[in-house]
Amino acid sequence: MIDRYSRPQMAAIWSQEALLRTWLDVEVLACEAWEKLGKIPTKDLKEIQAKAAFDAQAILEREKITKHDVAAFVSVVQEKIGPSGRFVHMGLTSSDVVDTALAYRMMKSGELILKEIDRCIAITAKRAKEHRDLICIGR
C-alpha cells in the first residue's frame, strides 16, 4: 500500500506484521481443531498456544534458503515452539493458510470500510440538517 494514501487502521490490517500474525492465528486455530479431533495431544496444544511466535527477520532469512514464504514461516514458528511444533501446519497446504488469512483480512477491511461509510453518512445527515434552510442560487 502507498502509505500516504492509507489510513492507519487500514494500513495496520495489511502490514507484513499483520500478515504473519494472521498466518500464526490460522496455524494455531488448526492445531486447536486437531486437538478436538484427538489428533494432537492436549499437552502439545498447550505448548503450541504458549510458545507460538515468529520473528519476521528470521522468516525473511529462512525464505532465502527455502524459496517459499510459508515454508520459511512454518519452520521458524516450529523452532520457537520446540518439539510440539511438529504439529504446526499438520494437514494444511500453504494455500489453506494464505487464503484463510487473506479472507480474514479482507473481512476486517470490509468491516472498517462499512464503519467509515456509516460515519460519513452520519456526518452528511448532520450537515444536511444544519444547512437545510440555507438559501442558495439555483441553476
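**Nonpolar patch**

I started with the surface of this predicted model and found a nonpolar patch of about 380 Å². I113, L114, I117 and I121 make it up. Is I121 buried or exposed? I get a relative accessible area of 54% for I121, so I wrote it down as exposed.

**Salt bridges, the count**

Next I turned to charged pairs. As a reminder to myself, side chains of opposite charge can pair when their charged atoms come close. How many salt bridges are there? My tally is 10.

**R62 and E79**

I looked up the salt bridge between R62 and E79, where the closest N and O atoms sit 3.1 Å apart. This pair ties together distant parts of the chain, 17 residues apart. R62 belongs to helix α4 (residues 56-66), E79 to helix α5 (residues 69-81). I also checked the cover on E79: its relative accessibility is 54%, so I list E79 as exposed.

**Pairs within α6**

Back to helix α6, this time for its charges. E111 and K108 form a salt bridge, with 3.3 Å between the closest N and O atoms. The two are 3 residues apart in the helix, so about one helical turn separates E111 from K108. I noted E111 as partly exposed because its relative accessibility is 41%. K108 is also partly exposed, at 30%.

K126 makes a salt bridge with E130, and here I read 4.0 Å for the closest N and O atoms. I had to check that one against the cut-off, since a salt bridge needs the nitrogen within 4 Å of the carboxyl oxygen. What separates K126 from E130 along α6? They are 4 residues apart, which again means about one helical turn. E130 has a relative accessible area of 43%, so I put it down as partly exposed.

**A network**

R7, E116 and R119 turned out to be linked in a network of salt bridges.

**Both ends of α4**

Last, I went back to α4, the helix that holds R62. Which side chain reaches the backbone at the start of α4? I found D55 there: one of its side-chain oxygens comes to within 3.0 Å of the backbone nitrogen of Q57. At the other end I checked what follows α4, and that is K67. Its phi is positive, near 60°.

Notes. Residues numbered from 1 in each chain as written. Predicted model: local features only at pLDDT ≥ 70, side-chain atom pairs only at ≥ 80, totals over all residues. Heavy atoms only, no water. Patch = residues over 30% accessible without salt bridge, like charges linked within 9 Å, V, L, I, M, F, W, Y side chains within 5 Å. Areas by Shrake-Rupley, 256 points an atom, 1.4 Å probe, with all protein chains shown as cover. Salt bridge = Lys/Arg side-chain N within 4 Å of Asp/Glu carboxyl O. Buried < 20%, exposed > 50% of the residue type's maximum accessible area, 1.4 Å probe, protein only. Polar contact = N/O pair within 3.5 Å; in protein donor to acceptor, adjacent residues only side chain to side chain.
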